[in-house]
Amino acid sequence: MLLKDNQIFLDIELGNRDDVLHLISQKAQELGITDDQEQLLADLISRETTYSTAFQEGIAIPHAKSAAVNRAALIFIKMKEKIDWQSPDQFKVENIFAILVPNVEAGTRHLQILSALAGQLMEEEFQERLATIQSKDDVLELLNSVEREVV
């Protein structure tokens, strides 16, 4: 299972993209997804430096294919307010889908998860449901379709 209810964080108040990436690496450590929070954070920042993961207005998909990741996982964060993601398109982000995958699954699992998630995010109905998320159960139900495509 890629996403569990303890990997969902709603109404988060942080000031910028790097604060969010720090939160992702911190929670990944607490949840046993990584044993090396600092390396995971460095890998997430490195990916953002290569090219922004802001997918479109309102949505970012930060991801790391990292030796620091123990198992493939998603972390979902819904911000209380949109924040600047430092993207070339100046996108403001409020929904963050972090994809964390071990290096050994970089060419397979990572691409499956990213493809399934990006495909869903292109669907208008998915975006409408995302905009009305109120609870962790809403998030789990919404992302069931992504889980089914990846398993």
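Me: Which residues of α3 are buried, and what makes them line one face of the helix?
Reply: In this predicted model, His110, Ile113, Ala116, Leu117, Gln120 and Leu121 of α3 are buried. Seen down the axis of α3, these buried residues fall within an arc of 145 degrees, so they line one face. An α-helix has 3.6 residues a turn, so residues three or four places apart point the same way.

Me: How do you know that the span of α3 is close to the expected one?
Reply: α3 covers residues 109–121, which is 13 residues. The expected span at 1.5 Å a residue is 18 Å, and the helix reaches 18 Å from its first C-alpha to its last.

Me: What describes the packing of α3 and α5, and which residues meet?
Reply: Two packed helices are described by the angle between their axes and the distance between the axes. For α3 and α5 (residues 136–150), the angle is about 145 degrees and the axes are 9 Å apart. Their crossing is right-handed. On the α3 side, Arg109, Gln112, Ile113, Ala116, Leu117 and Gln120 take part, meeting Leu143, Ser145, Val146, Glu149 and Val150 of α5.

Me: Why is leucine 140 called partly exposed?
Reply: Buried needs a relative accessible area under 20% and exposed one over 50%. Leucine 140 has 22%, so it falls in between and is partly exposed. This residue is in helix α5. Leaving aside residues up to four places away in sequence, leucine 140 touches Leu3, Lys4, Asp5 and Ile8.

Me: What is known of α1, and which of its residues are buried?
Reply: α1 has 14 residues and reaches 20 Å from first C-alpha to last, close to the 20 Å expected at 1.5 Å a residue. Its buried residues are Arg17, Val20, Leu21, Leu23, Ile24, Ser25 and Ala28. They pack against β1, α2, β5 and β6.

Me: How do α1 and α2 cross?
Reply: Their axes come within 9 Å and cross at roughly 145 degrees. The crossing is right-handed. Among the α1 residues that meet α2 are Leu21, Ile24 and Ala28, and the α2 residues they face include Leu40, Leu41, Leu44 and Ile45.

Me: What makes a set of residues a nonpolar core, and which residues have the most contacts inside the largest one?
Reply: The members must be buried nonpolar residues joined through side-chain atoms within 4.5 Å. The largest such core has 27 residues, and Ile24, Ile75, Ile77, Trp85, Ile96 and Leu100 have the most contacts inside it. β1 (8–12), α1 (17–30), α2 (37–50), β5 (73–84) and β6 (92–102) each give two or more residues to this core. Apart from it lies another core of 23 residues, among them Phe76, Val101, Leu117 and Leu121.

Me: Which residues does isoleucine 77 touch?
Reply: Residues up to four places away in sequence aside, isoleucine 77 touches Phe9, Ile12, Val20, Leu23, Ile24, Glu94, Asn95 and Ile96.

Me: Why is glutamine 86 called partly exposed and glutamine 90 exposed?
Reply: The cut-off for exposed is over 50% relative accessibility, and buried is under 20%. Glutamine 86 has 44%, so it counts as partly exposed. Glutamine 90 has 55%, so it counts as exposed.

Me: What is the phi of glutamine 86 and of glutamine 90?
Reply: Most residues other than glycine have a negative phi. Glutamine 86 has a positive phi, near 60 degrees, and the phi of glutamine 90 is also positive, near 60 degrees.

Key. Residues numbered from 1 in each chain as written. Predicted model: local features only at pLDDT ≥ 70, side-chain atom pairs only at ≥ 80, totals over all residues. Heavy atoms only, no water. Helix = DSSP H or I, 4+ residues; strand = E, 2+ residues; numbered from the N terminus. Expected span 1.5 Å × (residues − 1). Buried < 20%, exposed > 50% of the residue type's maximum accessible area, 1.4 Å probe, protein only. Arc of directions from axis to C-beta. Contact = heavy atoms within 4.5 Å. Axes fitted to C-alpha atoms, helices over the stretch in contact; angles between N-to-C directions. Left-handed = near helix turned anticlockwise from the far one by under 90°.
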